[in-house]
Each structure stands twice: as C-alpha cells, then as structure tokens.
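Welcome! Take a moment to look through the sequence and the structure before reading on.

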Amino acid sequence: MKVTVENKKGLNKDLKVFIDKKTMSSHMDQRYEEIKGTINLKGFRPGKVPKEILKRQFGKAVFGEVLDKVIKDTSTKALQENNIKPAGQPKLDLKTYGEDKDLEYIISVTELPKVEVKSIENIKFDEYSVKIDDTEADKRIKEIAKNQPNFKEAPKDTIAKEGDLVAFDYNATIDDKPFKGGEGKNTQLTLGKDLFLKGFDKQLMGVKVGDEKTVEATLPENFPEKELINKKAKFKCKITVLKNPEPVKIDDDFAKNFGAKDLKDLKSLISKQINDEYKNSLERFSKNQILKEIEKFKIAEIPENLIDEEVKILSQGMSEEDAKKSRKNFEEIAKKRIKVGLVLNEFGEQNQIKVTEQELQAEVQKQIRMMPGQEKMVMDFYQKNPSALSSLRGTVYEEKILKLIKEKAKPNKKEVSKEEAEKILKQSQMQEYSHSNEGKEKTEKKVEVKKTSTNKTKTKTSKTKSPVKKTKKVSKK
C-alpha cells in the first residue's frame with residue numbers, strides 16, 4: 001500500500017491510497033481458497049473445484065467482498081499511519097478498481113485540530129467545604145420524623161383517608177391490553193402525597209382492605225417504554241393493607257430504625273449527609289468554573305463540519321427563518337462547546353482515561369435506584385437503547401476527566417457557612433440558566449442544547465455499499 005497526502009487546505013486533506021494489482025490478486029486467491037471447501041458443485045469433489053470455475057461463477061461476488069475488506073483495512077491504516085483523527089465522516093472516492101487491476105481511491109477527510117492541554121494544570125477554581133451548625137441536623141431529623149410517621153394496622157372496615165398508608169397489588173392495561181411494567185405487588189402509598197402517578201392516590205380515598213378499585217392515570221414522561229409515554233392506563237387495584245399514622249417519638253429507637261446506634265449517632269450521620277449534599281452541589285459549581293476556563297483555551301481552527309452539526313442541534317424545533325436569524329449566535333455557542341469537547345477528549349486520551357464496564361454498570365444501577373418500583377423497566381430501557389447507554393458512558397467519562405483535572409489544577413480552598421453556600425449556589429443557578437439560554441433570546445422557541453460528539457467516525461464510499469471500518473474513537477472511552 002502506498003499513501004500520499006494531497007490537497008492540504010487547513011484541516012481538510014485528501015489521501016491517495018494505491019494498492020497494486022498483484023496485492024489485490026493475492027487477496028482474491030486467498031478468498032478463493034477460503035470458499036473452496038464450502039462450495040459443492042456437481043462433478044467436483046468438495047474442496048476440489050478449480051479456481052477458474054469458482055471465478056466464473058462467483059468472481060463478481062468474491063471481488064466485492066475482497067474490495068470491501070481491503071478498503072476497510074487500508075483506509076483505517078492510512079489514517080492511523082498519518083496520525084489523522086477525523087472530525088466527522090471521511091468520504092472515499094474510488095478512482096481505479098476491478099479484477100486484475102490496481103486499486104486507487106481518495107480519502108477526503110477533515111482532521112481534528114491539534115489541542116494543547118498542558119495549561120490545564122494552571123486552571124484556577126474554587127473548592128468549597130461547608131461548616132454545618134449542629135442545629136441543622138436537629139431540623140432535618142424533625143423533618144424526617146414528620147415525613148416518615150409510624151403506622152399501625154387500622155381496625156377492620158376502616159375507610160382510607162389522607163395520610164393513611166395503603167398497600168395494594170395491581171394489574172394495569174391500556175385500551176384493555178396489558179403492557180410491560182404494568183404489574184405490581186405490595187405497592188405502598190401514603191395517601192395525599194401524590195408520589196406514584198399524578199392523581200393516583202386521591203382515587204384510593206375511601207377504600208377498605210379487600211376492596212378492588214380501578215384507578216386511571218397517565219404514564220409519565222420518564223416512563224421507560226417510550227411508546228407508552230402520556231398514554232392513559234387503567235390500574236385494577238386490590239387493597240391488601242391499610243394503616244393509620246401515629247406520632248413519631250424522636251429517641252434512640254427512632255434512630256435505630258435508620259441504621260444509627262443511637263440518637264447522637266443519627267445526628268452525626270445527618271450532619272455528614274447535609275455536608276455531602278452541599279459539597280456535591282458546590283462541586284458542580286467548581287466543575288462549571290473549570291469548563292468556563294477551558295472555553296478560553298485557544299484552538300487555531302475548529303472544523304466547519306462540526307460547527308454545522310452543532311448548529312443543527314441548537315436549531316432543532318425552530319423555523320427556518322428563526323434558525324437563520326440565530327445562526328451567528330449559535331455558531332459562537334457551538335465553537336465554545338466543541339472547543340471544550342476537544343480539550344477534554346485530548347486530556348482524556350493523553351491520560352489514558354477509560355470507562356470500564358463495571359463503572360458503566362454502576363452508573364446504570366445508580367439510575368435504577370432513582371426510580372424505586374420501576375427497576376426492571378429502567379434496566380430494560382438501557383438494554384434496548386444502546387444510545388442511552390452510550391450517553392451514560394459519556395457522562396462517566398467526562399466526570400473522570402474533570403476529577404483528574406481537579407487533581408492537577410490549582411484549587412482555591414474556602415470554608416463557608418450553609419448560608420454562604422446557598423448564596424453561591426443561587427448565583428450559580430442563575431448563571432447556568434443564563435448560559436443555557438445564550439443565543440436563544442431572539443426567538444420564542446425553546447431549543448434543546450446537546451453536547452457535540454466527536455467520537456463516532458464512519459466513512460462512506462461513492463461506488464461501494466460496504467461501510468469502511470471505524471477509525472479510532474476520540475471520546476467517551
């Protein structure tokens with residue numbers, strides 16, 4: 001194989017790939033040998049069919065297979081040997097090809113720009129710790145006691161009212177047909193909290209143990225089976241348990257119900273929990289500071305095709321006229337987002353950051369825990385939607401990169417009170433809202449802003465249907 005780089009124009013390059021006919025013929029001969037033992041032709045013993053016979057009957061098909069394989073292998077190798085990371089989809093144009101002929105084709109590719117990430121170590125950001133007053137733990141424990149009352153078995157024939165705990169089994173249908181995730185056993189609700197499906201528990205007011213009650217409710221936006229979102233379902237419920245609330249006494253026994261040794265230990269655990277909550281929120285604030293600093297990095301040229309792709313995403317749902325008016329603003333937003341993505345990807349590659357299957361599955365389990373009672377549906381959702389799983393992988397990948405950046409950069413450590421932390425977080429939320437709506441103020445349409453992905457690189461040929469082997473990924477490892 002001979003590769004020459006032609007027509008360099010900034011990040012755009014053409015690579016001419018040449019494979020002589022002798023090499024192509026050897027690939028053809030190898031393929032004929034592979035299929036010889038699998039072909040049964042009348043008059044010939046298995047594995048003894050002459051090559052010329054095979055060539056007459058299967059020549060075109062064999063050549064197509066060989067051509068596709070050679071293009072996949074050589075195009076990938078040509079990009080790797082020239083240290084080219086494609087931005088988007090390289091295109092192939094076959095110039096010369098055919099049996100007993102040389103193979104020559106052109107790879108037209110836009111290259112990802114070179115990114116300097118050494119200055120990441122000079123990034124400055126605020127790293128906060130929060131001092132929590134002891135009284136905050138007392139307040140939180142009182143809230144817990146208020147929201148998690150004790151329940152005692154209700155007397156026979158008691159009618160359920162607001163505040164009571166009801167347990168039931170259910171079978172749900174849509175248009176009289178069962179659906180996946182439409183069954184539940186021993187589902188418990190505190191009437192009046194409206195925590196299951198909107199308006200669901202209000203319809204259980206007045207039931208008694210042993211009653212059967214049909215409840216109608218609309219499936220939510222986050223329902224795993226996408227085709228069922230916003231569908232009205234009927235839930236046939238069998239009431240199995242009814243309990244009345246009773247006042248909670250905050251003492252050592254109360255604390256033990258939450259895994260603490262005693263009330264003092266519970267207060268300590270709650271204080272740590274409050275501290276962790278503020279710490280996590282403030283870490284997101286620090287993360288945004290780092291990303292804003294990365295936006296200031298200089299990159300000589302950003303690929304136009306990546307800008308166009310990001311602008312299309314920013315313009316989703318807009319009319320052609322509104323999209324045209326917002327084009328300039330969207331281009332600036334796109335450049336910032338692409339720049340951040342390129343810097344993070346380069347830093348991740350240089351530091352060999354990867355996401356293991358164990359880390360990915362841990363994130364899936366985290367998502368599952370966020371939807372109690374619907375664990376199976378969430379798991380099925382990720383199993384059936386590789387793109388959703390890929391998005392999770394990207395989230396974990398970015399978090400690992402940012403964690404390493406924090407270790408290498410220069411934090412400005414500060415201890416703040418709970419009130420100061422809340423003030424910082426409020427200002428941060430306002431800034432995030434303003435940033436997320438940047439460039440949208442000229443249109444009444446709300447646009448979903450998505451992160452640019454530069455990791456999926458495919459190639460297409462103009463004269464063959466076979467896809468060329470994907471080049472090396474540069475993100476979401």
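Predicted model: local features only at pLDDT ≥ 70, side-chain atom pairs only at ≥ 80, totals over all residues.

Residues are numbered from 1 along each chain as its sequence is written, and side-chain values use heavy atoms, with hydrogens and water left out.

**The whole protein**
- The protein has 12 helices and 12 strands (DSSP runs numbered from the N terminus: H or I of at least four residues for helices, E of at least two for strands).
- Of its 477 residues, 39% are buried (under 20% relative accessible area, with a 1.4 Å probe and protein chains only).
- Among contacts (heavy atoms within 4.5 Å) with a separation of 6 or more, 72% join residues 24 or more positions apart.

**Helix 9 and helix 10**
- Val364, Gln365, Gln367 and Ile368 of helix 9 meet Glu375, Val378, Met379 and Tyr382 of helix 10.
- The residues of this contact divide into 5 nonpolar, 2 polar and 1 charged (Ala, Val, Leu, Ile, Met, Phe, Trp, Tyr, Cys and Pro count as nonpolar, Asp, Glu, Lys and Arg as charged, and the others, Gly among them, as polar).

**Arginine 393**
- You can find arginine 393 in helix 11, which covers residues 386-408.
- Arginine 393 is buried, and its relative accessible area is 18%.
- At 3.1 Å, the side chain of arginine 393 reaches the backbone oxygen of valine 355.

Notes. Buried < 20%, exposed > 50% of the residue type's maximum accessible area, 1.4 Å probe, protein only. Polar contact = N/O pair within 3.5 Å; in protein donor to acceptor, adjacent residues only side chain to side chain.
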